[in-house]
Amino acid sequence: MLRLLLPLALTICCLSAADLSVPILCYHRIREAPIGATTVTPENFRNQLMTLTANGYRIIPLSDLVAWRLGTGAAPAEHSVVITFDDGHASFYDNAKPILDSLHVPVTMFLVTSCISHGTYCVGWDQVASLERDPLVDLESHTVDHPNFSRQQRRLASASYDHYVDGELAQSKSALEAKLSHPVEMLAWPYGIYTPGLLESAAKDGYEIGFSVECRSAKLADPKMAMPRCMVLNTDTGDNLLHLLKLADAEAAKSSTEHKWRLMPRANQVLVSKAAHELLR
Ligand SMILES: [Zn+2]
């Protein structure tokens with residue numbers, strides 16, 4: 001009897017590699033005083049990480065998911081989740097990192113290179129050097145100036161635009177590689193905006209994989225230069241965060257033609273995310 005039941009149990013318990021999906025969460029600022037909807041307070045950030053682990057999620061390094069997507073590593077365990085940060089805000093170093101360290105959580109930070117050591121709101125190169133030595137941290141590219149590529153494409157002539165894109169993608173990679181001790185092969189698209197031409201340019205400039213902001217869990221079938229991520233808001237605590245992950249998995253289960261959030265500006269995605277939470281409550 002047991003032998004008859006076992007294959008059924010395996011079918012129920014384990015997703016195939018093609019069906020497996022992993023939410024990649026995207027954070028920006030962690031601080032007490034909010035600056036925009038994407039600021040998460042330190043208390044809520046800790047709460048969100050603890051909600052994940054208390055509910056059986058395993059926080060894995062982004063590099064593990066990338067190796068799976070690129071065919072060089074094993075599939076992550078079910079209920080894996082990835083934490084990423086965008087922009088290189090100083091609040092990551094000051095407020096998020098101590099919390100990540102206390103819970104031993106791996107993280108990838110996508111840096112806007114022109115912001116490093118300029119102004120008080122971004123990390124400095126000395127902090128970047130310290131983070132590079134940290135085994136829990138991976139540093140990758142978020143372009144030079146964080147441009148809105150859609151706006152620049154409308155503003156510039158075709159040849160100038162191509163040159164501009166190449167500069168944003170290649171120079172951020174080379175600036176980071178000049179200071180870091182690993183090849184920078186991951187790119188996060190500013191505002192989550194990408195086009196087929198941009199994806200081609202990123203591959204030409206030496207990136208192996210790219211990340212957007214479309215709230216669905218990442219699958220093997222996702223385009224490798226535009227892997228989806230979900231922005232996390234301050235209000236995504238407790239059950240709200242679990243609802244967000246369910247929503248992300250439900251989106252991943254749809255066919256690619258049903259994904260509606262592609263190219264949507266980030267501000268709109270925040271509104272859509274809020275609306276989706278209202279529906280799920
Ligand atoms: Zn950004």
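**Core.** Of its 66 residues, Ile24, Leu25 and Met109 touch the most other members. Helix H9 (residues 239-253) gives the most to this core, with six residues. Helices (H or I, at least four residues) and strands (E, at least two) are DSSP runs, numbered from the N terminus.

**Model.** I noted that this is a predicted model: local features need pLDDT of at least 70, side-chain atom pairs count only at pLDDT 80 or more, and totals for chains, interfaces and linings use all residues. Residues are numbered from 1 along each chain as its sequence is written.

**Met109.** I listed what Met109 touches: Phe85, Gly88, Phe92, Leu131, Val137 and Leu139, not counting residues up to four places away in sequence. Contact means that the C-beta atoms of two residues, placed from the backbone, lie within 7 Å.

**Asp236.** I found Asp236 in the loop between strand E10 (230-231) and H9. Is Asp236 buried or exposed? Asp236 is buried, with 24 other C-beta atoms within 10 Å. The scale is: buried at 20 or more other C-beta atoms within 10 Å of the residue's own, exposed at 12 or fewer, partly exposed in between, with C-beta atoms placed from the backbone. Asp236 touches Gln48, Leu241 and Leu244, leaving out residues up to four places away in sequence. I also checked Asn47: its C-alpha atom and that of Asp236 are separated by 9.6 Å, though the two residues are 189 apart along the chain.

Terms used:
A nonpolar core is a set of buried Ala, Val, Leu, Ile, Met, Phe, Trp, Tyr and Cys residues joined through C-beta atoms within 7 Å.
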